[in-house]
Amino acid sequence: TGEGEPAGGKWNFDAENRRPLPRGLAPPPPISFPPDATTRQVMADVDAAGHGVGAAAGFNLAITHEQAAAALDDFVRHRLAGFGPYEDAMAADQAVLFHSLLSPYVNIGLLSPMQMIRAAEDAYNAGAAPLNSVEGFVRQVLGWREYIYWQYWRLMPGLRSANGWGATRPMPAMFWDGETEMRCIRHVARRVIATGYSHHIERLMIVCNFCLLAGIDPAAVAHWFLSCYVDAYDWVVLPNVIGMGLNADGGQTATKPYIASANYINKMSDYCSGCRFDPKRRTGPGACPYNFLYWNFLIEHEAALRANPRLGPAVLGLARIGEAERAEVRREAELFLEGLRYYG
């Protein structure tokens, strides 16, 4: 394209990158690396310490630059092309889908950001990956990751204790043990406990969405992320979780809270299929907690949300809910939150 003009004539392709995973589509699994003798000893030491989350058994990630480079090559060859369209998709039986699973390596220094960006660019120039996938991946590495790093240094140390929505509840036990009838949270929590990983949309729209709607203390949510995720570092977690995911920093990281009812989860995943909760019911027997928690949040914070130009239209939906149903939403949300289990 011309000087200063983006390839394809526009700066992002998000409109093309919001597809649910088609039934029967099975992305190739990421490359894995059998642990060497040193790694096996570290795994034994970690298990013997007895205070970690999950277990070291099954660890198969890269531990050298050469292995991480092989993981990058595997992603570019086998999953980059599908990354864009399905980057927001979720599936109960697939943890990685078309994601790169490279964040542990770039965050610890086994890969450099530019190494990843150049590899994606080369795939596009060779016709091996479409522009919407390459642009989406590069923007995450060059755009969002660097933005988050800047936000961390800009907002600290106040970011650590930011709590713009006044949330006070502890992190529910179901995130620590995976024991819940909510199928989406059960799968994501157990996946994280077992592997230290879930992809970004599950972090944002399953975990953080629930915690924001349920009024979970942002510091407690950040502690859970720092305890559980293999790619977690202070500078990564605090702006992503407290800033973007929970919108607890007064909108300094993201301009709106990322909240959604069960409709979003039902559209973008297969989690609702087979769940005892009904994603189409707002209240009453079998209503999905995401639904009454979502509407309860809108009711509780109606004035503040109406003042946000990006949230105003969503809040207008409250006009269709009468006083009796508002009271029922508030009652069911209160009963549900009082019934959550907590450790400690």
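Guide: We can start with isoleucine 185, which touches Met174, Phe175, Thr180, Ile206, Phe210 and Tyr290, not counting residues up to four places away in sequence. Contact here means heavy atoms within 4.5 Å. This is a predicted model, where local features need pLDDT of at least 70, side-chain atom pairs count only at pLDDT 80 or more, and totals for chains, interfaces and linings use all residues. Residues are numbered from 1 along each chain as its sequence is written, and side-chain values use heavy atoms, with hydrogens and water left out.

Visitor: Where does isoleucine 185 lie, and is it buried or exposed?

Guide: Isoleucine 185 lies in helix H8, residues 183-195. Helices (H or I, at least four residues) are DSSP runs, numbered from the N terminus. Isoleucine 185 has a relative accessible area of 1%, so it is buried. Buried means under 20% relative accessible area, exposed over 50%, and partly exposed in between, with a 1.4 Å probe and protein chains only.

Visitor: How far apart are isoleucine 185 and methionine 174?

Guide: They are 11 residues apart in sequence, and C-alpha to C-alpha they are 7.8 Å apart in space.

Visitor: Next, helices. How do H9 and H13 pack?

Guide: Helix H9 (residues 200-214) and helix H13 (residues 289-300) have axes 9 Å apart and pack at an angle of about 50°. Axes are lines fitted to C-alpha atoms, for helices over the stretch in contact, and angles run from 0 to 180 degrees between N-to-C directions. H9 and H13 are therefore oblique to each other. Under 35 degrees counts as roughly parallel, over 145 as roughly antiparallel, 65 to 115 as roughly perpendicular, and the rest as oblique.

Visitor: Which residues in H9 and H13 meet?

Guide: From H9 there are Met205, Ile206, Asn209, Phe210, Leu212, Leu213 and Ala214, and from H13 there are Tyr290, Leu293, Tyr294 and Phe297. By class, this contact has 10 nonpolar, one polar and no charged residues. Ala, Val, Leu, Ile, Met, Phe, Trp, Tyr, Cys and Pro count as nonpolar, Asp, Glu, Lys and Arg as charged, and the others, Gly among them, as polar.

Visitor: What about H13 and H16?

Guide: The axes of H13 and helix H16 (residues 323-338) cross at roughly 115° and come within 9 Å. The contact of H13 with H16 has nine nonpolar, one polar and four charged residues. Among the residues that meet are Glu300 in H13 and Arg326 in H16.

Visitor: How many residues of H11 are buried?

Guide: In helix H11 (residues 234-245), 10 of the 12 residues are buried, so this helix is largely enclosed by the rest of the structure. Trp235 and Met244 are among the buried ones. Their cover includes H4, helix H6 (131-155), H9 and helix H10 (218-228). Just after H11, asparagine 247 takes a positive phi of about 50°.

Visitor: Now the loops. Where is glutamine 94?

Guide: Glutamine 94 lies in the loop between helix H3 (80-83) and helix H4 (103-108). Its relative accessible area is 15%, so glutamine 94 is buried. A polar atom of its side chain lies 3.4 Å from the backbone oxygen of leucine 25.

Visitor: And asparagine 60, how accessible is that?

Guide: Asparagine 60 counts as partly exposed, at 34% relative accessibility. Its place is in the loop between helix H1 (37-49) and helix H2 (65-78). Leaving aside neighbours within four places in sequence, asparagine 60 is in contact with Ser32 and Phe33.

Conventions:
Helices (H or I, at least four residues) and strands (E, at least two) are DSSP runs, numbered from the N terminus. A polar contact is a pair of N or O atoms within 3.5 Å; within protein, one must be able to donate a hydrogen and the other to accept it, and residues adjacent in sequence count only if both atoms are side-chain atoms.
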